[in-house]
Amino acid sequence: MSEIASLPHIVAEIQGLYGPVSVPEILVQKLWRRGDFVQEGLHTLDGQPLRVIQPGQWNRQGGPDFLGAELELDGQTRVGDVEIHFYQRNWYDHGHDRNPAFANVILHVVVFDPREGERPACYDTGAPIPTLLLAPFFPEDLEAYAVKDAWMALENRDMLDLVAPLLELPVVERRARLRLQARRRWQQKMRFARYRLQLAGAWPTVVHQYTLEMLGLRRNRGPMSGLAERFPLQEMEAMVARDGVEATADRLIAVEEGNWTLAGMRPANHPRARLRQYLSLLAARPAWPHRLRDWLASQQWEHLPEANTQAYRRQCRLGAHLRELEKDVLAGTIGGSRFATLCVDAFWPLAAAEFDAEELWWLPWFHSPAGDLPDALDDYLRLSAVQDRQWPACNGWGQGALERLLTRELQPWRAITA
């Protein structure tokens with residue numbers, strides 16, 4: 001994961017349910033304070049069983065994040081401070097190893113996996129501080145937490161009240177505001193795609209990973225990501241060729257047994273059903289990421305910056321291009337909102353990053369059908385009255401509204417973004 005340069009110590013950029021999103025460290029502190037994570041089976045990185053008896057007093061001044069926490073570590077009750085970071089290395093980045101105010105820290109909480117060989121937080125004696133990796137104990141995606149946290153702050157406000165600042169503007173200006181905020185989302189997605197390409201080192205690898213992650217939806221993205229890393233594209237293709245789709249799906253489900261979230265899930269969204277979709281694609285289109293890359297490279301979208309969505313879709317034959325991609329490249333294995341999500345959150349940003357073509361892909365990204373977005377955005381956009389026959393629902397409006405809700409644009413959200 002990459003950190004945002006302007007806020008290097010308090011914000012991390014993650015791949016959220018609705019694409020890359022900047023998550024503030026203060027949100028993780030809130031989750032610790034509320035105990036909003038799975039409490040059973042907690043353990044430190046070195047295997048010590050952990051129970052949180054009392055999370056401590058939230059310290060908004062200098063020093064550790066939580067003071068006087070009461071924990072049970074490896075069967076022994078301990079009282080002391082807790083420090084929370086995104087990364088294990090932040091202990092040293094922030095100079096805590098040289099600050100006596102942190103001498104009473106009894107638990108270092110980190111969100112993301114430490115890198116191989118990364119030095120753990122240590123006392124001045126050199127002894128390691130017990131460290132909890134928190135991400136595996138989140139039942140929800142971090143961005144879903146951010147959205148929920150923001151709605152909690154706004155629960156006493158009417159949706160119309162939220163839209164009111166936009167309604168004070170002429171409709172042309174409303175669209176311009178949302179378009180600008182959609183552009184910020186687009187640039188963030190492109191930056192994250194570029195980072196993932198650099199990290200993976202190969203186009204097929206990152207496409208394989210992105211696709212499985214997004215087929216995992218919100219609740220099973222983690223296990224799907226684990227399968228993508230454990231079974232690279234060629235290995236998964238070989239399994240399908242040897243054992244068939246059904247047997248391979250059964251094997252992959254078993255590999256992540258105990259990690260799937262299944263309660264209340266519709267049959268179509270069951271991870272086995274989503275895996276069958278992807279494995280059917282591997283069976284029908286071996287080495288499909290190369291075919292995808294060729295298709296993306298062949299697209300030469302017209303530059304129509306002044307066109308409304310209806311006109312853009314007609315003049316660029318956007319619908320026909322999408323049907324071609326779904327049928328010829330994906331062999332008709334993935335459709336509906338999940339196909340739309342793959343286009344706007346994976347394929348379009350990856351193409352822009354791979355071919356250094358931000359402007360070429362910006363308008364197709366904006367005018368494409370929206371993928372999976374929070375239901376609340378439908379009400380927000382309906383009340384904002386920016387959509388009509390010429391400007392129908394599209395990805396750009398949804399992304400612009402989401403950016404507006406996840407940034408300082410709305411004052412009540414400031415608490416989770418400052």
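Arg382 and Asp379 both belong to helix H16, where they stand three residues apart, about one turn of the helix. Helices (H or I, at least four residues) and strands (E, at least two) are DSSP runs, numbered from the N terminus. The model is predicted, so local features need pLDDT of at least 70 and side-chain atom pairs count only at pLDDT 80 or more, whereas totals for chains, interfaces and linings use all residues. Residues are numbered from 1 along each chain as its sequence is written, and side-chain values use heavy atoms, with hydrogens and water left out.

**Helix H13**

- Helix H13 comprises twelve residues (318–329) and should span 16 Å at 1.5 Å a residue; its end C-alpha atoms are 16 Å apart, which agrees. The expected span is 1.5 Å times one less than the number of residues.
- Leu318, His321, Leu322, Leu325 and Val329 are the buried residues of H13; buried means under 20% relative accessible area, exposed over 50%, and partly exposed in between (1.4 Å probe, protein chains only).
- Viewed down the axis of H13, these buried residues fall within an arc of 100 degrees, so they line one face of the helix. The arc is that of the directions from the helix axis to the C-beta atoms.
- Arg323 and Lys327, on the other side of H13, are exposed.
- The cover over the buried residues of H13 includes helices H10 (271–284), H11 (288–298), H12 (309–316), H14 (336–354) and H15 (358–367).
- Ala331 follows H13 and has a positive phi, near 55 degrees.

**Packing of H13 against H14**

- Two packed helices are described by the angle between their axes and the distance between the axes.
- H13 and H14 pack at an angle of about 95 degrees, and their axes are 12 Å apart. This makes H13 roughly perpendicular to H14.
- Axes are lines fitted to C-alpha atoms, for helices over the stretch in contact, and angles run from 0 to 180 degrees between N-to-C directions. Angles under 35 degrees count as roughly parallel, over 145 as roughly antiparallel, 65 to 115 as roughly perpendicular and the rest as oblique.
- From H13, Leu322, Leu325 and Glu326 meet Phe339, Cys343, Phe347 and Trp348 of H14; contact means heavy atoms within 4.5 Å.
- Thr333 lies in the loop between H13 and H14 and counts as buried at 16% relative accessibility. Leaving aside its neighbours within four places in sequence, Thr333 is in contact with Gln277, Ser280 and Leu281.

**Salt bridges**

- The structure holds 15 salt bridges, each a side-chain nitrogen of Lys or Arg within 4 Å of a carboxyl oxygen of Asp or Glu.
- In one of them, Arg175 pairs with Asp388, the closest N and O atoms being 2.9 Å apart. This pair links distant parts of the chain, 213 residues apart: Arg175 in helix H5 (residues 171–200) and Asp388 in the loop between helix H16 (376–384) and helix H17 (395–405).
- Arg175 counts as buried at 15% relative accessibility, while Asp388 counts as partly exposed at 37%.
- Asp345 and Lys189 also form a salt bridge (2.5 Å, N to O). Here too distant parts of the chain are linked, with Asp345 in helix H14 and Lys189 in helix H5, 156 residues apart.
- Asp345 counts as buried at 4% relative accessibility, and Lys189 is buried with a relative accessible area of 1%.
- Within H16, Arg382 and Asp379 form a salt bridge whose closest N and O atoms are 3.6 Å apart. Arg382 is exposed, with a relative accessible area of 55%, and Asp379 is partly exposed, at 36%.
- Salt bridges with shared partners join Arg183, Glu358 and Glu359 into one network.
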